[in-house]
Amino acid sequence: MKRLMIAMINIGLVLLLAGFAAASGAFAADNEENQTMSDKTMTTERAIFAGGCFWCMEKPFEELDGVLSVTSGYTGGSNANPTYENYAANGHIEVVEIVYDPARVTYDRLLDVYWHQVDPTDPGGQFVDRGHAYTTAIFYTTAEQKRLAEKSKAALDKRGVYDKPIVTPIEPAQTFYAAEEYHQDYYKENPLGYKYYRYRSGRDAYLDGIWGKDRKEWSEKELKKRLTPLQYEVTQEDGTEPAFKNEYWDNHRDGIYVDIVSGEPLFSSRDKYESGTGWPSFSKPLVPENIVTREDRKLFTVRTEVRSRLADSHIGHVFDDGPPPTGLRYCMNSAALRFIPREDLEKEGYGKFLPLFDKQ
């Protein structure tokens, strides 16, 4: 009987393992099929930008989540299948073709990255590279891309970032020809040569002067024009305004506080309280994802700095001596904030926050 039971158990185990193997195989097959279906249903779009030497245009786009490929190449000339030896002579221009997933990265975001890589006021080339083959251009592949590109260009021109007008043309895309293999991913294959070229060409020096080494959204010139000296010192140089001698420390009106640079919403008057410190203090942020915290070791102590996500403005610090329920004190600089009263929220574009002030 014991042997029979052991035999029956062994048979059961074999059948169980066989069933498990079959189920595992089916699960793997389903996974593979689902992945294949996902790949087939994913929609991709193309963007084509000219920004001078295509070596320098690949890396900034390849770093974006949602960009699937970046290929250096040529477009706009009179001959088919151009080569590096003849593309310029036949009117082609150096470009990068970007294939991206619009569900993960928008064309507006690609445009923003593009403007931060070039001198769009130069009609004769880019930096050390001169001639039509190295000029800037945006080649749109859809009517919507054309609309967004024209809107983006006009907005940038209006901001007054440059001393001269933007001359980058916006044109319909023509046939794109991939460049030779040794041009692809040059920054990966030849990192030292790439860095040396960027430096010697003058590209990095120019872009650092306009956007800073971190390629911030707003230029130094633009911010100095828009902000008061104190606002600039606080947001860009991590300064601190005087206690009790700032705009909002004793403000009691209903409304929200937004970043002075970007306008991203940060705090609500409903979470503001009298901390006795002389700076506006809040128990929690209005939109937590707009807040970035970093360790600050200045002043021979360890504090938690608060910065805005989009503008990367220095706003203040957060401490753990606040009121319930959070126990936090977001001690902010008025100079880093702009207050929008409740009655102006709708016209200022922050209408979605109005319901906050209907609650008692």
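**Figure 1. P325 in its loop.** P325 turns up in the loop between β15 and β16 (329-332); here strands (E, at least two residues) and helices (H or I, at least four) are DSSP runs, numbered from the N terminus. A cis peptide bond joins P324 and P325, with omega at about 5 degrees. Most peptide bonds are trans.

This is a predicted model, so local features need pLDDT of at least 70 and side-chain atom pairs count only at pLDDT 80 or more, while totals for chains, interfaces and linings use all residues. Residues are numbered from 1 along each chain as its sequence is written, and side-chain values use heavy atoms, with hydrogens and water left out.

**Figure 2. Two phenylalanines with positive phi.** Most residues other than glycine have a negative phi. F127 has a phi near 60 degrees and sits in the loop between β4 (125-126) and β5 (129-130). F244, with phi near 65 degrees, belongs to the loop between α9 and β9 (255-259). Buried or partly exposed: which is F127? F127 counts as buried because its relative accessibility is 17%, whereas F244, at 44%, counts as partly exposed. (Buried means under 20% relative accessible area, exposed over 50%, partly exposed in between, using a 1.4 Å probe and protein chains only.)

**Figure 3. T136 and its neighbours.** T136 is part of strand β6 (residues 136-140), and its 2% relative accessibility is why it counts as buried. Leaving out residues up to four places away in sequence, T136 touches several others, including A50, Y114 and P169 (contact means heavy atoms within 4.5 Å).

**Figure 4. Helix α9 and what it packs against.** Which residues of helix α9 (residues 229-237) are buried? They are Q231, Y232, V234, T235 and Q236. These buried residues pack against α8 (220-226), β14 (303-308) and β15 (314-319). Just past α9 comes D238, with a positive phi of about 60 degrees.

**Figure 5. Where α6 meets α7.** On the α6 side, R198, Y199 and S201 meet R203, D204 and L207 of α7.
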